Amino acid sequence: MSLSRRALLCGCAGLVAAGGVAGIADLARAAGTDRSNATGTLRIGYLPITDAAPLLVAHGANTVAAGTVHSAKPVLFRSWAALAEAFLTRQVDVVHLLMPMAVQLKYGLGADVRVLGWNHTNGSALTVAPHITEPEQLAGTQVAIPFWWSIHNILIQQYLRAHGLRPVIRRSAARADRTVELVVMSPSDMVPALANGSIAGFTVADPFNAAAQVRGVGRIHRYLGDLWRDHACCALVVHQDLLDRRPEVAQALTDGVVAAQRQIDTDRPATAELLAGGYLPQPLPAITTALTYPKPPPVRHPEWNPQRIGFQAYPYPSFTAALIQAMPETVVDGDTRFLTRLDPARVHAELVDDRFVRSSLGGAAPTRIEEIDPS
């Protein structure tokens, strides 16, 4: 085995250790696929969240050109660690990954990955037990996050600090110290944990927030889009060699995802029915709520429309730069030394290849100013 291959596999082991226990059954099922991928079609891996909708609609509604993605059903994983490991070991070829996680894979583990574009914007929230009405009530409790390298971890820590609370890891929280213990948990475990009182809240992608609300075991306290306007959560990620050897396939994939995003916005209730019909395990009411939020709670920035998950693919360089600036300020259970080597002005060009999405969108590269308010 080559040195680089050994390093990558060691990195996978560290990824699982740092991000939570991988789903063994899911990995075993994925391992049964053809890793050599002799068909040449791309195998999709995903978590059961509405963030994955563009990839799932591209597959289910055939918005991607024939022969681009594998006709078999995309492989469902229960944790980010399991999905990332399957991607790095070539069990799947295209995934939606947390944007900070893509940074970690490239710079922390040395994986040759590239972001083609954004899968969506917003789509996440901080959901708390029904009796919690103020952030200060989280002092002395546990709050679950889906992964250390996530926008959820970044924003919940900014939010807690803005309210005089201190996030801690690997130690019990204390009300007197105004500390909140953050723990990594698979999204599918969060609603039951909130219901039985194991945690006081969680921050994650939908439809888990909507599911807690529909079941009456939790309430949405803040949408993360109310803290960082139209932030990217998950990005469309592939291996660099796909872009080098088969750029026409990368273009067809990006075209299909952009077409799927447009289709979702055209009829969100119909998209919910498609997703509930075999891709997402949550009930249709929760998925429909997650895509529409007909009666959102009061928000701090109503003009941001923070409750609404957005589907647009262009990856703004300003977001990548702001993300890289925020990551070193975020407490994680893992090696963060690679962050000291990153230049916020350079990471976007090294991590993101936007030529395909610009072609799909058929327009000039737009710009924007990041609007962040964690208070």
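Is Asp226 buried or exposed, and what is its relative accessible area? Asp226 is buried, with a relative accessible area of 1%, where buried stands for under 20% relative accessible area, exposed for over 50%, and partly exposed for what lies in between (1.4 Å probe, protein chains only). The legends below describe a predicted model, in which local features need pLDDT of at least 70 and side-chain atom pairs count only at pLDDT 80 or more, while totals for chains, interfaces and linings use all residues. Residues are numbered from 1 along each chain as its sequence is written, and side-chain values use heavy atoms, with hydrogens and water left out.

**View 1. Salt bridge of Arg222 with Asp226.** A salt bridge is counted when a side-chain nitrogen of Lys or Arg lies within 4 Å of a carboxyl oxygen of Asp or Glu, and a search of the whole structure finds 13 of them. In the pair shown here, the closest N and O atoms of Arg222 and Asp226 are 3.3 Å apart. Arg222 is buried, at a relative accessible area of 11%, and Asp226 is buried as well, at 1%.

**View 2. Salt bridge of Arg170 with Asp333.** The two side chains meet at 2.6 Å, N to O, and the pair links distant parts of the chain, 163 residues apart. Arg170 belongs to the loop between strand 7 (166–168) and strand 8 (179–184), and Asp333 to the loop between helix 13 (317–326) and helix 14 (347–351); helices (H or I, at least four residues) and strands (E, at least two) are DSSP runs, numbered from the N terminus. Arg170 is exposed, with a relative accessible area of 69%, whereas Asp333 is partly exposed, with 21%. The phi of Arg170 is near 55 degrees, a positive value in a residue other than glycine.

**View 3. Ser172 in the loop between strand 7 and strand 8.** Ser172 counts as exposed, at 60% relative accessibility. When its neighbours within four places in sequence are left aside, Ser172 is in contact (heavy atoms within 4.5 Å) with Thr179 and Glu181.

**View 4. Packing of helix 7 (residues 187–195) with helix 8 (residues 208–215).** The helices pack at an angle of about 30 degrees with their axes 10 Å apart; axes are lines fitted to C-alpha atoms, for helices over the stretch in contact, and angles run from 0 to 180 degrees between N-to-C directions. That angle makes helix 7 roughly parallel to helix 8, on a scale where angles under 35 degrees count as roughly parallel, over 145 as roughly antiparallel, 65 to 115 as roughly perpendicular and the rest as oblique. The contact is made by Pro187, Ser188, Val191, Leu194 and Ala195 of helix 7 and by Phe208, Ala211, Ala212 and Arg215 of helix 8. By class, this contact has seven nonpolar, one polar and one charged residues, with Ala, Val, Leu, Ile, Met, Phe, Trp, Tyr, Cys and Pro counted as nonpolar, Asp, Glu, Lys and Arg as charged, and the others, Gly among them, as polar.

**View 5. Surroundings of helix 8.** The buried residues of helix 8 are Phe208, Asn209, Ala210, Ala211 and Ala212, and they pack against strand 5 (124–128), helix 7, strand 9 (201–205), strand 10 (219–223) and helix 12 (284–292). A cis peptide bond, with omega about 15 degrees, joins Asp206 and Pro207, and Pro207 is found in the loop between strand 9 and helix 8. Just after helix 8, Gly216 takes a positive phi of about 80 degrees.

**View 6. Crossing of helix 3 (residues 53–60) and helix 10 (residues 247–266).** The axes come within 8 Å and cross at roughly 100 degrees, and the two helices are therefore roughly perpendicular to each other. Ala53, Pro54, Leu55, Val57 and Ala58 in helix 3 meet Leu253, Gly256, Val257, Ala260, Gln261, Gln263 and Ile264 in helix 10, a set that divides into nine nonpolar, three polar and no charged residues.
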